[in-house]
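Work through these exercises with the structure in view. Try each task before you read its solution.

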Amino acid sequence: MQKTSLFDCDAVPIEVLKQRAFNFRWAETAPDVIPLTAADPDFRCAPEISQAIANYALEGVFSYGPHQGLTSFKEALSEGLAHRKDYRLNPELILPIDSVASAMYVVAKTYLQPGDEAIIFDPVDFLFEQAVLAAGAQVKRCRFDAKRGEFDLDSLTELLSERTKLIGVCNPHNPLGRLMSLHELTTLAHFAKQHNLMILNDEIWSDIVYPGHTMHSFHHLEPALMERVITVYGFSKSFALAGLRVGAIFSPSVQHHQQLVTCANVMTTAGGVSTLSQIAATQAVLNCWYWVDEFLIHLTKMRDYAVERLNKMPGVQCTAPQATYLLFPDISATGLSSEALTDELLKDKLAVVPGSPRFFGPAAQGHIRICFATSKTLLSQGLDRMESTLHRLGVQ
């Protein structure tokens, strides 16, 4: 397969997706519905990844791997992110794990006890709240100031209590598609250090950043400000490997690493990530950044096309994301709630995610989330259906 054809309109394997793409996507919707829902690409992964899996599988040996992951994977990840992002990661402080979602639960379990509190953003992906609740703790929410275009970090002191133990940071941000500035990251790091808090730093979207924007990370700050930052990283968004469930946790010290190892149960056969998934991720991070670069070229075109069309629809306002392949248009002017509009769109065979507290928190109301990691043809058809819905409803 030539790189130039990876993201053509005919590159989406719809029939395979209808069998394998779950989590609100093709395999869980009616055959005539276009699902612009879960943040998972419609495209095949890089062919080198498939070949690496096949080569490994042909040996016919599927024994247990090392408890704390393949050394080759950890070294490849350290090397790859040093080159790609200018991170300095000690391979011995990288813990492979079965997805970023699992990693978030492990971090929450490690640093939170029943009765504790964690500060998370509002809106933000529901996994932050769910991980905190699973640890027996409660959330407090730092709201997004739409007028200023940033989170209200000045409110952190008001949200703080003696029970606060952790801050959840989503950078780049799902669903807003926003990048944190160095000033914001520095403010958060100082706040955490001052109040003896841990930071759960979710960077699963950090490879999907658009031209003209820069991904700043806690890993670009001075080492003293990284002492309380635990980063989770994965391969589902940038390399289309969601079903392989492979990610990693980056620790700032041996002490933190050992705590996470204990909570992740990887020292027994109860925890850990598939060796085959680590083989795939190793190939991705060493040899498949070209795929990510081509994907970004395609996504940039899809983003610009979708934002232009959405802003021409009645009752809809949409800001172009700086990162991610998610749109979060404000639909409050339609007069419908997020859930009501989502239901109406489904009647016209388009599935999107409502901006409801269930998925993103209270501040998400009045929005819907649209994933555009698909072909131009499917995206165009989906937006056509949205226009038809708004016309049918008489939205002016």
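**Exercise 1. The core**

Which residues touch the most other members of the largest nonpolar core?

*Solution.* Start with the model. It is predicted: local features need pLDDT of at least 70, side-chain atom pairs count only at pLDDT 80 or more, and totals for chains, interfaces and linings use all residues. Residues are numbered from 1 along each chain as its sequence is written, and side-chain values use heavy atoms, with hydrogens and water left out.

Next, the term. A nonpolar core is a set of buried Ala, Val, Leu, Ile, Met, Phe, Trp, Tyr and Cys residues joined through side-chain atoms within 4.5 Å. Buried means under 20% relative accessible area, exposed over 50%, partly exposed in between (1.4 Å probe, protein chains only).

The largest core has 130 residues, and Leu77, Phe218, Phe235, Ile249, Trp291, Tyr325 and Met386 touch the most other members. Helix H11 (residues 289-310) gives the largest share of this core, twelve residues. Helices are DSSP runs (H or I, at least four residues), as are strands (E, at least two), numbered from the N terminus. Apart from this core lies another, of five residues, including Val353 and Phe359.

**Exercise 2. Two helices**

Find the angle at which helix H4 and helix H9 pack.

*Solution.* H4 (residues 100-111) and H9 (residues 254-264) pack at about 110 degrees, and their axes are 9 Å apart. Axes are lines fitted to C-alpha atoms, for helices over the stretch in contact; angles run from 0 to 180 degrees between N-to-C directions. H4 and H9 are therefore roughly perpendicular to each other (65 to 115 degrees; under 35 is roughly parallel, over 145 roughly antiparallel, the rest oblique).

Then list contacts (heavy atoms within 4.5 Å). In H4, Val106, Val107, Lys109, Thr110 and Tyr111 meet His256, Gln259, Leu260, Cys263 and Ala264 in H9.

**Exercise 3. Salt bridges**

How many salt bridges does the structure hold? Then describe the one between Arg309 and Glu387.

*Solution.* The structure holds 22 salt bridges. Each is a side-chain nitrogen of Lys or Arg within 4 Å of a carboxyl oxygen of Asp or Glu.

Take the pair. The side chains of Arg309 and Glu387 meet at 2.9 Å, N to O. Arg309 lies in helix H11 and Glu387 in helix H14 (residues 376-392), so the pair ties together parts 78 residues apart in sequence. Arg309 is buried, at 13% relative accessibility. Glu387 is partly exposed, at 34%.
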